[in-house]
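Here is a quick tour of a two-chain model, written for someone who likes cut-offs spelled out. Have a look at the structure, then read on for the rings, the charges and the interface.

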Amino acid sequence: LDPIIGFMNGLALALDPTNIMYLFIGVMVGNFVGVLPGLGPVTGVALLIPFTYGMEPTSALILLSAIYYGSMYGNSISAVLLNMPGTPAAIMTAMEGYPLARQGRAGPALAMAAFASFFAGTVGAAGLLFLTPTLSQFALRLGPPEEFALFLAAFTLVATLSGSFVKGVAMTTLGVTLATIGPEPMVAASRMTFGSPLFEVGLNFVAASIGLFAIPSAIEAMERPTKYVLHRASLRMRDLLPTRKDLRESATAFPLGSVIGFFGSVMPGIGPTESSLMAYALQKRFSRRPELYGKGSMEGLTSVEAANNASSVGGMIPMLSFGIPSSATTAVLMGAMLIHGLQPGPMLMAVNPNVVFAVIASMYLGNLMLLLLNLPLIRIWVACLRLPQNLIVSGVVVLSATGVYAAANSVNAVLVMFGFGILGYILNKLRFPVAPIILALILTGPLEAALGKSLAMSGGDWSIFVSRPIAMSLIALAALSVLLQLPILRWIRSRRTGRASRG
Amino acid sequence: MPDLDEEGANSITRQQRAATLVFGAGLLGLGLFWSWEATKIQTRNTYQAITPDFLPFWAGLGLAAAGFFVLVSAWQQHPLDEDPNDPTFDLRGQLRVWAAFGALLVYTLLLEQIHYFFLTLAMMAITLLIARERLGLWLAVKSLLSAVLMYLIFIRAFGVPLPGSVYF
C-alpha cells in the first residue's frame, strides 16, 4: 500500500469526531501523568487499558499512543520547574532546564521543550509512515526460523542493554519462566498451573503490567513521599517565548536529537532514556558552547527533548513491523493491541492497514494539539503539581485494583496484579530492571511457537537456524550481544586497557 | 575472578546486598522447583517437535543459573554504609509499605463481597492514612470524593458488575 494514500485514509479515520475526542483525552491524560512526579508513560498506558475495552481498536490505540507521547511533553514541565524528572528519559532535561529556571528562563525552556517535542514528534511520525510499510513487507517474507531468531535477538538485546548484565539476564529469564504458566502456544495444553484456577488461562497481561509499574510507584510514594519545591516562574504567554538567540543556538539540536531518538529506538532495548543520553552526549561534543552544559544549556535541553519524543514514536516501528516491543511502554501497548484483537507485526499492515495509518496520522494531530494546548494551558499543568501527592497515590492503588477487575471481571486477575506489585516493589528496591519481564511475558509465546514451527519444518533438526542467512545473522547478533557482556571478556578488556595506560 | 556485575560494583548498600543475596537464592530455588515441576507435565503429543515441558524445563534451569549468578555478583560486591537519612529499608517505611499491601489484599478479597462504594471509601481512607494524611475532616472529604468519583467511573460509566451496582 502506498504510504501517502494510506496516510490520507488514516487521516480521514483519525479525524472522525470520536477519534479526535479520544486523541484529545489521550494527550491530556498523557500530559497529566507526565507532569506528576513518580508516574510515567508506562503507568499511564497500563492504567488506561481497562478503560478502552468498550472502544473500537483504532480509537483505543489512538488514545493509548497519545498517552505515551503526551507524557513526554508533560515530563519536561516537572523536570524544568521541580528539577524532578518524571522518568529517566527526562534526567538531562532537568539537568539543563532547572538551572535555566533558576536564571529566570523557565518559560523559554518550557517553550523550547515543547517546540523540540513537536518537531521530533512530527519527524518521527514521517519516519514511521514511510518505514513501517517497507519493513512490514520485509517481515512478511520471514519464515518461522527467522522469526525465532528475531525474537531471540530482541531478548538478548533487551537483557544486555538493561544496565547490569547479570540483572538483565536474570529478569529476562524470570519473565520467560513466568510466561510458561497457562496454555502452551502450539496445542493450547495447560501447564505449570499448580492446580490453581488463578493460572489456568495464563497470567493476565494487564494485571501484570499494572502490578509491575503502577502499584510499585504508588507504594514507594507512600513509603517515602517525594519532596519537591516548585520553582516560581512567570508563566504569562509573553514570558514563555524563546529569543531568536535561543532558536539560533539550538538550530542543530532539533534535527540531531530527532534523528538519534528515532533511529536509536528502532533497536529493542534502546528506549527514550538511552536515546536522549546519546543525543545529549553527541550534541555536547559538537556544541560551540559545551561549557554551558550542566549549567543551563538551551541547546542541550532541546536535543534531549527532541530525542525522547522521537524515540517514543520510533519505538513503534519494531512493534508495528515485527511484533517486537522496544521498551516497557511499547510492550504494554502491544499487550493492549492483542486484547483488542490486533496482532502486532507484519500481518497488522496486511490485514488492518487503516488502523496503522490512522494511528500514524493521529500522531501528527496529537503533536499539533500538544503544541497548541501545552503552552496556553501551562498554568493548569503547574496547578497539577500542587495536587496532594497522597491523594494521587491512594487513587492509583484503588484505580489499579478496580481497573484490573473491570478488565478481567475476576478477583483472580487482581490477585495476580497484587503479586506482581510486590515483585515490582522488590525489584525497584534492589535496582533490577523491570522492563525485561514485561517484554518476556509478551514475547515468550510467539518465540515458543516460532521455535516449534521451525523444528516441525526441519523434522527436529536444529541446524535450520544456522543454515538460513537471515536467521543465522540474527542469532550471531544475539550471541555477540551476550558474548561482549560476559564478565570474563570485560575483565580481559579492562586488564588490557589498564596495561596499555600503564605502559 | 572478574566482577560479575560491573555496573553494580561499589554502588550497593549493605541492606541492598543482603536483600539481593536473599533474592538471588529465591530465584535459584524457584528455577530448580520450576524445572522439577516441568518434568511432571504429561507429554502425550509425541508428534510435536517440542513438547510442552521443553520451555518450562529449560527456562527453570536458566532461572536457577541466573539466580546463582545474582548471588555470586552480590557476594563479590563491597557494600557501602547506609545513608542514615535515606536508608534502603527503614522500619517506618516498611510498616507503611506492608500495611498498604495488606490493605490492597483485603480490598481485593472483599471486592465481590462488600458494596463497592463503601469498600472503596474505607480503602481510600486507609491508604490516605498510610500516605500520611492526618485524621480529620480532610481525610473524610478526600476519601468521600474519591469513592464517589470511582463509583461514577466504574459502576455508572463502565457498568462494571460489582456488588452495589444495583443499589444506587
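## Rings, charges and the A–B interface

Over all chains, the structure holds 21 aromatic pairs, where rings of Phe, Tyr and Trp (its six-membered ring) pair if their centres lie within 6.5 Å, with planes under 30 degrees apart counting as stacked, over 60 as edge-to-face and the rest as tilted. One of them is A:Phe7 with A:Tyr364, an edge-to-face pair at 5.2 Å centre to centre and 75° between the planes. This pair links distant parts of the chain: A:Phe7 sits in helix H1 (residues 3–14) of chain A and A:Tyr364 in helix H18 (residues 353–374) of chain A, 357 residues apart. Helices here are DSSP runs (H or I, at least four residues), numbered from the N terminus.

Another edge-to-face pair is A:Phe138 with A:Phe322, at 6.5 Å centre to centre and 80° between the planes. A:Phe138 lies in helix H6 (residues 106–140) of chain A and A:Phe322 in helix H15 (residues 316–322) of chain A, so the pair ties together parts that are 184 residues apart in sequence. The cut-offs are under 20% for buried, over 50% for exposed and partly exposed in between (1.4 Å probe, protein chains only). There is also an aromatic cluster with members from both chains: A:Phe148, A:Trp462, A:Phe465 and B:Phe54.

A word on the ground rules: this is a predicted model, so local features need pLDDT of at least 70 and side-chain atom pairs count only at pLDDT 80 or more, while totals for chains, interfaces and linings use all residues. Residues are numbered from 1 along each chain as its sequence is written, chains are lettered from A and ligands numbered from 1 in the order in which they are written, and side-chain values use heavy atoms, with hydrogens and water left out.

On to the charges. The structure holds twelve salt bridges over all chains, each a side-chain nitrogen of Lys or Arg within 4 Å of a carboxyl oxygen of Asp or Glu. Three of them are tabulated here.

| Salt bridge | N to O distance | Relative accessibility |
|---|---|---|
| A:Arg224 – B:Asp90 | 3.2 Å | A:Arg224 30%, B:Asp90 26% |
| A:Glu249 – A:Lys245 | 3.7 Å | A:Glu249 30%, A:Lys245 43% |
| B:Lys40 – B:Glu37 | 3.0 Å | B:Lys40 47%, B:Glu37 17% |

A:Glu249 and A:Lys245 share helix H11 (residues 244–249) of chain A, four residues apart, or about one turn of the helix. A:Arg224 and B:Asp90 belong to a network of salt bridges that also takes in A:Glu223 and A:Lys429.

How many salt bridges are there between chain A and chain B? The count is one, and A:Arg224 forms it with B:Asp90. The chains also have 18 residue pairs in polar contact between them (both at pLDDT 80 or more); a polar contact is a pair of N or O atoms within 3.5 Å, where within protein one must be able to donate a hydrogen and the other to accept it, and residues adjacent in sequence count only if both atoms are side-chain atoms. H20(A) gives the most to the side of chain A that touches chain B, with 13 residues.

In overall terms, 66 residues of chain A are in contact (heavy atoms within 4.5 Å) with 74 residues of chain B. The area buried between them is about 6,000 Å², with carbon and sulfur atoms giving 76%; buried area is the accessible area (1.4 Å probe) that two parts lose on being put together, summed over both.

Notes: Helices (H or I, at least four residues) and strands (E, at least two) are DSSP runs, numbered from the N terminus.
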